[in-house]
Structure formats: C-alpha cells, structure tokens
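These are my notebook entries on a structure that I looked up. I wrote them in the order in which I followed the questions.

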Amino acid sequence: MLEDREDAFGRMLLKALEGRGVVEIVERDDGFIDASATQLYLSPFRRWPAHHRRAMRLVRGRVLDIGAGAGRVALHLQARGHDVVSIDVSPGAVEVCRRRGVRDARVCAIEDMDESLGSFDTIVLLGNNFGLLASRAKAKRFLRRLHGLTSERGRILAETRDIYATDDPGHLAYQERNRRRGRMSGQMRLRIRHGLAATPWFDYLMVSRPELEELAEGTGWKLTRTIDSDDTYVAVLEKA
C-alpha cells in the first residue's frame with residue numbers, strides 16, 4: 001500500500017474535507033498536466049452530473065464501490081438501504097470515507113480483490129474508474145475476476161471516456177505513440193501530485209465503446225447500454 005509521502009490523492013482529499021481550496025493535479029508521462037476541481041468528490045447526490053444520477057437507478061443489491069475516493073457513491077447508496085463495500089488504494093481516501101460515515105471502507109488495491117470481500121450484485125466504477133483496469137490484458141483479467149465476485153444477476157456500472165473524440169494535437173500524438181509501442185490508444189501513464197507528495201506512476205485506460213465490447217469478450221460480461229454525457233459515458237455491463 002502507499003506510503004504517506006506517496007499518497008498525494010489521500011492528502012488532497014483530507015485537505016478538501018477540511019474545507020481548504022485544493023485542486024487535483026494529474027501528470028502524464030509525456031509532461032502533460034491537468035488541473036481540476038475537487039468539489040465532485042464531496043458533492044451531495046443532487047449536485048452530481050446527470051449521467052451519474054441516472055446510473056444510480058441501475059444499482060441493485062449488494063454493492064462494491066471500486067476507487068471510492070471520498071465515499072460519495074457509498075454514502076448515497078447506504079442512504080438507500082444498500083450494503084456497500086468501498087475500496088481504494090489510498091489510505092487517506094479511506095480515512096475520508098470513514099470520517100464521512102461510510103460504514104465499510106477498506107484500503108485495497110484492485111489487484112488484491114478476492115473472495116474475502118464476499119459476493120456482489122453491482123460493481124460501481126464511477127469517476128472514470130474503468131481506467132483502473134489499466135491495460136488490455138489487465139482489463140480482461142479483472143473483468144473475469146469481477147465475474148467471479150458477482151451473483152447471477154451481477155452488473156457493472158463503469159465510467160470511461162472515448163479518447164478518440166479529440167482534435168488536440170498533444171493527445172493525438174500521445175495516442176499515436178501508444179500504438180507504436182503496442183499499447184491501446186487510450187492507455188496512459190499517470191501520477192497524481194499534491195504539494196511535495198506524488199503517487200507512483202500507474203497505468204490508466206480509457207476506451208471507446210467498440211474497444212470496451214472487445215475487452216468484454218471472453219470475460220463473461222456483455223455491454224448492454226451506455227449512459228452518455230458531453231465527455232464521458234457510463235458503460236452498463238451484464239453477465240453474458
């Protein structure tokens with residue numbers, strides 16, 4: 001698990017919880033840097049993006065919230081009576097979840113998910129968290145693992161972005177570099193920074209709908225619909 005100096009994401013959320021004005025700094029390995037507001041991590045349901053609110057209508061049964069952040073998904077679903085297990089690799093994020101009232105928040109990397117978590121009816125990966133599946137090979141492996149962790153009526157709600165919907169020269173060059181290296185176009189190498197803290201570099205995957213359908217093949221899942229927004233979409237996967 002992350003050492004404190006590496007838990008830039010957790011440090012950021014802890015400061016946001018204290019009411020400090022902080023932004024999320026994401027650095028890509030080609031030098032591109034993105035800064036975004038952190039309000040959504042702490043937002044009540046009424047202030048969520050419309051496609052996130054629509055996705056919540058499809059949640060059923062026991063829920064695994066992967067990449068829980070500050071716990072907004074778990075808190076909303078708890079209030080609706082769902083049994084929710086929230087996991088995040090960041091100890092600071094899990095501390096924020098617990099302080100905000102998430103009943104079952106655990107420090108757990110996606111690679112460490114196993115049967116000890118129990119069985120789930122819905123897996124939630126909002127906030128572009130499909131990206132945590134990292135690469136073509138890892139995505140297929142994790143989808144198979146999620147198949148084994150879910151009931152017969154298991155469902156995945158996973159948000160991602162179609163990275164081909166851009167004309168930015170820097171992004172297009174990065175995609176081309178990926179393809180030359182045998183990587184998927186939307187496979188990025190990222191880290192999060194906050195002050196002097198920085199997470200380790202990690203792979204993060206964004207995919208188009210056809211790519212997501214291809215990744216699901218042979219894993220026991222099938223893309224059945226999408227919930228679209230201006231720049232991302234939530235994929236709904238059902239057991240095939």
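**Entry 1: a charge over a ring.** I began with Arg 28, whose charged end sits over the ring of Tyr 174, 4.2 Å from the ring centre. I note that the model is a predicted one. I then found a second case, in which the charged end of Arg 209 sits over the ring of Tyr 233, at 4.1 Å from its centre.

**Entry 2: the helix that holds Tyr 174.** I turned to helix H7, which covers residues 169–180. H7 has 12 residues and reaches 16 Å from its first C-alpha to its last, close to the expected 16 Å. Which residues of H7 are buried? I listed Tyr 174, Gln 175 and Asn 178. Seen down the axis of H7, the buried residues fall within an arc of 100°, so they line one face of the helix. I recalled the general rule: an α-helix has 3.6 residues a turn, so residues three or four places apart point the same way. What do the buried residues of H7 pack against? I found strand S1 (23–28) and strand S8 (187–194). On the other side of H7, I recorded Pro 169 and Arg 180 as exposed.

**Entry 3: the two ends of H7.** At the start of H7, I saw that a side-chain oxygen of Asp 168 comes to within 2.8 Å of the backbone nitrogen of Gly 170. After H7 comes Gly 182, with a positive phi near 80°.

Entry 4: Ala 134, which is not a glycine either, has a positive phi of about 75°. Asn 128 lies in the loop between strand S6 (120–125) and helix H6 (136–148), and Ala 134 lies in the loop between S6 and H6 as well. Are these residues buried or exposed? Asn 128 is buried, with a relative accessible area of 13%, and Ala 134 is buried at 6%.

**Entry 5: aromatic pairs.** How many aromatic pairs does the structure hold? I counted three. In one of them, the rings of Phe 45 and Trp 48 have their centres 5.1 Å apart and their planes at 65°; the pair is therefore edge-to-face, as the angle is over 60 degrees. Phe 45 is partly exposed, with a relative accessible area of 30%, whereas Trp 48 is buried at 3%. Phe 202 and Tyr 204 also form an edge-to-face pair, with 6.2 Å from centre to centre and 80° between the planes. Here I noted Phe 202 as partly exposed at 26% relative accessibility and Tyr 204 as buried at 10%.

Notes:
Residues numbered from 1 in each chain as written. Predicted model: local features only at pLDDT ≥ 70, side-chain atom pairs only at ≥ 80, totals over all residues. Heavy atoms only, no water. Helix = DSSP H or I, 4+ residues; strand = E, 2+ residues; numbered from the N terminus. Expected span 1.5 Å × (residues − 1). Buried < 20%, exposed > 50% of the residue type's maximum accessible area, 1.4 Å probe, protein only. Arc of directions from axis to C-beta. Contact = heavy atoms within 4.5 Å. Polar contact = N/O pair within 3.5 Å; in protein donor to acceptor, adjacent residues only side chain to side chain. Phe/Tyr/Trp six-rings, centres within 6.5 Å; stacked < 30°, edge-to-face > 60°. Lys NZ or Arg CZ within 6 Å of the ring centre and 35° of its normal.
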